[in-house]
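Please find below a colleague's note on the model under review.

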Amino acid sequence: MDVNVAAAAACAIAGLGVGLTAAIAFRWSEREQSRGRNRTRLGTGTTPLYEPALPPGVDTVLSVLRSCAIVLGEGDEVVKASSAAYAMGLVRGGAMAVEQMLSLARATRRDGEIRQVDLELPRPGTARTTEPLAVSVRVAPLGSRLVLVLVEDLTERRRIEAIRRDFVANVSHELKTPVGALSLLSEAVADAADDPEAVQRFAGRMQIEATRLASLVQEIIDLSRVQDDRLKADPEPVPVDELIAEAIDRCRQPAAAKQILIAAGGVGGLYLDGNRGQLAAALGNLVENAVNYSPPRTRVAIATRRISSAAALGEAEGELIEISVTDQGIGISEKDRERIFERFYRVDPARSRATGGTGLGLSIVKHVAASHRGTVTVWSVEGQGSTFTLRLPAGKAPAGETAPVSTATDATTLPAPEART
């Protein structure tokens, strides 16, 4: 009797389990059919309850595109977006954040036509006064239900094009001045053939203009070699003391004419790793600027020291060589300090032309510093003078030579020739 009761109970439990399984399967089947009906319900204007699947291979293609990519579904929801789209602020909260792009996507969804337009967008998280992003937007249908939006950032390209246009215009203007002067002076020499004194005077002027023209061409060549901020040649150990000596020697004559004292001091025996010619040009430009923009009977100081990278650049290890050039000149205003490293920019155009300046010297310094993984900064007070500081990674002395460990800062004075006793 007990056996029969147990068997009946077991059968009842088994039947209940089968019934529950069947009910669950039925409900699951109905739900899947409902989802299937939602998938085929097109043009209803409602947001589908599923996430549309991308066509095979599209996800892989989007992941390797250089352009930022966004895929929109039927209800304008973002189905897929690259990380760049979020970084540029194009997608926020799972939705397209740029109304112009959304309008293009809706138009493409209606008629299936590919559209392309250039837009300027505000930078995410910045003030409205900040330069906007320049982008090229291309919208195309992706299958029968999805829309693909490709966005290419053209901001850097536009900036480079503007720099190139300004550079060509400035070079043309700068070359026009000495070339025109040489042409006029040559005519004057021809007309004054019977006046030896006039011929000599015009010839001297021609020599000045020819020197200015040669200097401009050389600086353009130097700038073209360093403007991509990459060190092309294999670095070599370069003694800082020799760079300073070359810079002083380069400026001896103009310093002597203005009775300017040039003094060098700081730590000796330091080395940099880099291109000797570029480093010499950079330091020479700084010292030459200091002399040109200083009044007579003043002082230009060059100081060197070794500092920690952590203190200067926030790096964990490594050392920097700091070379500063200080003058007692006219100084630089705050608005000019933001632009003095631009090509052809002059704080005082009239003074620059009088001294033969081209406006390219500090631009060359900036690019040389960048190509050597360093920086150049300026401190200045109007009427008191300026200090330009180069910070470059410290190099190692050649084999067989040892750099001194002394940190003495006693200056060795190297006066201009006429100041010697």
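The points below concern helices, a strand pair and cysteines.

1. Basis. This is a predicted model, in which local features need pLDDT of at least 70 and side-chain atom pairs count only at pLDDT 80 or more, whereas totals for chains, interfaces and linings use all residues. Residues are numbered from 1 along each chain as its sequence is written, and side-chain values use heavy atoms, with hydrogens and water left out.

2. Helix H6. Helices are DSSP runs of H or I with at least four residues, strands are runs of E with at least two, and both are numbered from the N terminus. The expected span of a helix is 1.5 Å times one less than its number of residues. For the 31 residues of H6 (196–226) this gives 45 Å, in agreement with end C-alpha atoms 45 Å apart.

3. Buried residues (under 20% relative accessible area, 1.4 Å probe, protein chains only) include Leu213, Leu216, Ile220 and Leu223 in H6. The buried residues of H6 pack, by contact (heavy atoms within 4.5 Å), against H5 (155–191), H9 (276–292) and H13 (361–371).

4. Helix H5. Its 37 residues should span 54 Å, and the end C-alpha atoms are 54 Å apart, which agrees. Among the buried residues of H5 are Val171, Glu174 and Pro178.

5. Strands pair if DSSP finds at least two bridges between them; three join the antiparallel strands E1 (68–72) and E2 (78–81). Ile70 stands opposite Ala81 in E2. Five residues lie between the strands of this hairpin, and Asp76 in the turn has a positive phi of about 70 degrees.

6. Cysteines. Cys68 counts as buried because its relative accessibility is 3%; Cys251 is buried at 1%. With a disulfide taken as a pair of cysteine sulfur atoms within 2.5 Å, the count is zero.

How values were computed. Buried < 20%, exposed > 50% of the residue type's maximum accessible area, 1.4 Å probe, protein only.
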